Amino acid sequence: GKVIGVNTAFEAKVAHLSHSPFMNYRILLHPEFRIPGLVDKMGVLAIQYFYELYQSGTIQSVGLITLIENQWYKNNRREAVWPSTGFVYIGDSPAGHHIRLKYFDGAKF
């Protein structure tokens, strides 16, 4: 009966990526509930949700972009492509946070 996590997203044009529109996406999860696989599941469901909006023409975003601030993820999830979600590492922010993105199937910029 309590909220333990949320997904947030807003549409934004990313200057470094040809001003392509992306959903600026993040997951917030209470530390007590950070169990293996939960963040991945939340990400997969969000990708499916926004992909359906993209396919229907409801949003213009060509994918999702996210900033990884969680130190554990930055230290331990260093795969170039995360297998569960397909998020790809594309570099670091000026603050040292990992930037990852996921294009929707069929996306064009």
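User: What makes two strands a pair?

Analyst: Two strands pair if DSSP finds at least two bridges between them. This model is predicted. Here β4 and β5 (residues 98-103) are joined by 4 bridges. The cut-off is at least two, so β4 and β5 count as paired. The two strands run antiparallel.

User: Which residue of β5 stands opposite Tyr89?

Analyst: Arg100 does.

User: What lies between β4 and β5 in their hairpin?

Analyst: There are 5 residues between the strands. In this hairpin, Gly96 takes a positive phi near 85°.

User: Why is the contact of Arg77 and Asp40 called a salt bridge?

Analyst: The rule asks for a side-chain nitrogen of Lys or Arg within 4 Å of a carboxyl oxygen of Asp or Glu. For Arg77 and Asp40, the N to O distance is 3.6 Å. That is within 4 Å, so the pair counts as a salt bridge. Asp40 sits in helix α1 (residues 38-56), while Arg77 lies in the loop between α2 (71-76) and β4 (88-92). The pair therefore ties together parts that are 37 residues apart in sequence.

User: How do you know that Glu79 forms a salt bridge with Arg77?

Analyst: Apply the cut-off of 4 Å again. The closest N and O atoms of Glu79 and Arg77 are 3.2 Å apart, so this pair also meets the definition. Salt bridges that share partners join Asp40, Arg77 and Glu79 into one network. The whole structure holds 2 salt bridges.

User: What lines the largest pocket?

Analyst: This pocket holds about 680 Å³ of space. It has 27 lining residues, and the closest to its centre are Ile27, Val39, Ile68, Asn70 and Tyr73. β2 gives the most to the lining, with 6 residues. By class, the lining has 15 nonpolar, 7 polar and 5 charged residues.

User: How do you know that the lining of the second largest pocket has no charged residues?

Analyst: Only Asp, Glu, Lys and Arg count as charged. The lining consists of Ala12, Val14, His16, Leu17, Asn24, Ile65, Thr66, Leu67, Ile90, Ser93 and Ile99. The classes are 7 nonpolar and 4 polar. The largest share, 3 residues, comes from β3.

Technical notes:
Residues are numbered from 1 along each chain as its sequence is written. This is a predicted model: local features need pLDDT of at least 70, side-chain atom pairs count only at pLDDT 80 or more; totals for chains, interfaces and linings use all residues. Side-chain values use heavy atoms; hydrogens and water are left out. On a 1 Å grid over the protein atoms alone, a cavity is a set of points where a 1.4 Å probe fits but cannot get out, and a pocket is an open set with protein on both sides within 12 Å along at least five of seven lines; lining residues have an atom within 4 Å of a point. Grid points are joined across faces, edges and corners, and a volume is the space filled by probe spheres set on the points.
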